[in-house]
Amino acid sequence: MSNRNPLYGITPAAWEHPADRAALHALQSVPGLDIVLKTLIGTTTERSIRLATLASSVRVSENQFKNVFKIYREACAILDVHDIPELYVSQSPFLNAGAVGVKSPFIVLNSSTLDALSEAEIMAILGHELGHCLSGHVLYKTLLALLLKISLSVVQIPLANIALTAIIAALREWDRKSELSADRAGLLTVQNPKVCYELEMKLAGGRKIEEMDIDEFFKQAAQYESSGSMADSVYKLLNLVNQTHPFPVLRVVELKKWVDSGEYEKIIKGGFKKIGSENVEDSLKKAKDTYREDMKSSKDPLTKTVSNVVEGVSSTAGTAADVLKSIWNSKKL
């Protein structure tokens, strides 16, 4: 074990981003949705994906990818993960990783990450994916992947396609917010902000980190955030619509805000709530309030406009809940 501090008993709420928590709560509040999803996806899709992964990838163990296995075990120990998800390495040129499944989630690490990332960065990636598993994101991510496939086969059925498009849009918006939470889990695992900042730079510009400068990257992020016209805001929104992840400059800014707030250091020093000790209602209210304040303080003119028009949690959380609940209650699916 390294000199990183183990976070025994930590609750996932400690690292969850307010926008993610509010949106996920909205999704989970759809009546009966969890039961249906776990029944349908748990017995069909999860089994299918697991078999496909077992057949096409390499399972990480003491005898395969030994160094990755060692890093992974340490990451699990730091986040106090007892029910350790299986880990696979899959041949792919894309710098990415993912967690899928329902009852028994597992993690897939693209082979390109082993070539492009340092051991510390690999640990951050693994902590990121463990964060998804621990926060309960994987069910909805698997649902999103399934619905994206289904949408291709119902494109000729107008009403069904409209309903699926609405659900997919809501899930995608939440999905991008969930990445902000997982980024925090990755940081808590590697316990070095510089590693995570440089990881975002690599996601944006490739493996040649020696050709990049972290201060310049933050300036670039600030320029993106402060692009001042309403037209720029609309372009930003349109650019994000089909993205699975927030853009790297957005992710690095959100992560740095969290570090600068003192919350990260507080957790590392042991000042975190443990599983079973949190008040869910109070925690959710805090998440909503924090999300609302973040919107009010945003430099983006469109976000400011939305914040001024809608009180409470506007944006993603409300949209996800309203869209999904209206579709569920209409019984048109």
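For the counts of residue classes in this tour, Ala, Val, Leu, Ile, Met, Phe, Trp, Tyr, Cys and Pro are nonpolar, Asp, Glu, Lys and Arg are charged, and the others, Gly among them, are polar. The model is predicted, so to speak of local features requires pLDDT of at least 70 and side-chain atom pairs count only at pLDDT 80 or more, while totals for chains, interfaces and linings use all residues. Residues are numbered from 1 along each chain as its sequence is written, and side-chain values use heavy atoms, with hydrogens and water left out.

**First stop: a pocket**

Select Gly98, Ala99, Val100, Lys141 and Ala145, which lie nearest the centre of the second largest pocket among its 33 lining residues. A pocket is an open set of points on a 1 Å grid over the protein atoms alone, with protein on both sides within 12 Å along at least five of seven lines; a cavity is a set where a 1.4 Å probe fits but cannot get out, and lining residues have an atom within 4 Å of a point. The volume of this pocket is about 850 Å³, a volume being the space filled by probe spheres set on the points, which are joined across faces, edges and corners.

Next, colour α2 (33-56), β3 (97-100), β4 (106-110), α5 (119-134), α6 (138-153) and α7 (158-190), each of which supplies at least two lining residues. Helices (H or I, at least four residues) and strands (E, at least two) are DSSP runs, numbered from the N terminus. The largest share, eight residues, comes from α6. The lining comprises 13 nonpolar, 15 polar and five charged residues.

**Second stop: α5 and α8**

Axes are lines fitted to C-alpha atoms, for helices over the stretch in contact, and angles run from 0 to 180 degrees between N-to-C directions. In the contact (heavy atoms within 4.5 Å), Ala120, Glu121, Ala124 and Ile125 of α5 meet Val195, Cys196, Glu198, Leu199 and Lys202 of α8. Six of these contact residues are nonpolar, none is polar and three are charged.

Now select helix α9 (residues 214-225) and helix α11 (residues 248-260), which pack at an angle of about 100° with their axes 9 Å apart. These helices are therefore roughly perpendicular to each other. Their contact contains nine nonpolar residues, one polar and three charged.

**Last stop: a cavity**

Which residues line the largest cavity? Select His17, Leu180, Asp183, Arg184, Arg251, Glu254 and Leu255 to display its lining. Two or more of the lining residues come from each of α7 and α11. The volume of the cavity is about 40 Å³, and its lining has two nonpolar residues, one polar and four charged.

Key:
Angles under 35 degrees count as roughly parallel, over 145 as roughly antiparallel, 65 to 115 as roughly perpendicular and the rest as oblique.
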